[in-house]
Amino acid sequence: MLDIVELNPPAVLKDMEEATRAIDFTMGSDAQTGSLLRTLAASKPIGTLLELGTGTGLGTAWILDGMGPQAQLITVDRGETAPAVARGFLSSDPRVTFYTGDGAEFLKTMREQGRLFDFIFADMHPGKFAQIDDALALLAPGGIYVIDDLLLLTSWKEEHALLVHRLISTLEQRTDLRITKLNWSTGLIVATKIA
């Protein structure tokens, strides 16, 4: 019933995965997470979406594959090398804007401008393990917040495990969110803002 082998990936994904391997980037979103991102992005057909952590754009490709023609995506990364892969494959899509810079500063600036997003995929330290209040302040009522990579791995350092546990506890205590914890893919939380 649950087909994790054939998820009907975006056409560009195979070439992007090859380019990702070529630069030895190992932190890209997996296909299960991508499939969920695409489905959730499709629920916001004219929405404004935000991805914190472009990487090589694997998650970006899935999000774009789900977005309607009027939706807009801003994707943020502090690095240059990995996002260059994403730009090379996806920059011709007028729905996506790439931003290079510090994620914490980006969140602060967006909050000062009063920006709101209908969907946030937080896949970098700012907005996921730090500046959570800033990220969630940008989430519109009814907006969806997604984080991944929450399943415990033996390779994690103790500090990282503490960050994950603190993050989950923080989200569980918020009264402005309804959350679902998924023991699926790399471990995800999907939250919807209710206030």
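Reader: At what angle do helix H2 (residues 31–42) and H3 pack?

Author: This is a predicted model, in which local features need pLDDT of at least 70, side-chain atom pairs count only at pLDDT 80 or more, and totals for chains, interfaces and linings use all residues. Residues are numbered from 1 along each chain as its sequence is written, and side-chain values use heavy atoms, with hydrogens and water left out. Helices (H or I, at least four residues) and strands (E, at least two) are DSSP runs numbered from the N terminus, while axes are lines fitted to C-alpha atoms, for helices over the stretch in contact, and angles run from 0 to 180 degrees between N-to-C directions. The axes of H2 and H3 are 7 Å apart, and the two helices pack at an angle of about 35 degrees.

Reader: Which residues in H3 does H2 meet?

Author: Contact means heavy atoms within 4.5 Å. From H2, the residues Ala 31, Gly 34, Ser 35, Leu 37, Arg 38, Ala 41 and Ala 42 take part. They meet, in H3, Gly 59, Trp 62, Ile 63, Asp 65 and Gly 66.

Reader: How many residues of helix H3 (residues 58–66) are buried?

Author: Buried means under 20% relative accessible area, exposed over 50%, and partly exposed in between (1.4 Å probe, protein chains only). Among the buried residues of H3 are Trp 62 and Ile 63, both of which also meet H2. Helix H3 is mostly covered, the buried count being 8 of its 9 residues.

Reader: What is the bridge partner of Leu 52 in E4?

Author: Strands E1 and E4 run parallel and are joined by 4 bridges; two strands pair if DSSP finds at least two bridges between them. Leu 52 touches Ile 120, Phe 121 and Ala 122, among others. Its bridge partner in E4 is Ala 122.

Reader: Which strands stand at the edges, each with a single partner strand?

Author: The open sheet has 7 strands in the order E3-E2-E1-E4-E5-E7-E6, with mixed pairing. Two strands have a single partner each, so one side of each is left without a neighbour in the sheet: E3 (96–100) and E6 (177–182).

Conventions: Lists of a residue's contacts leave out its neighbours within four places in sequence.
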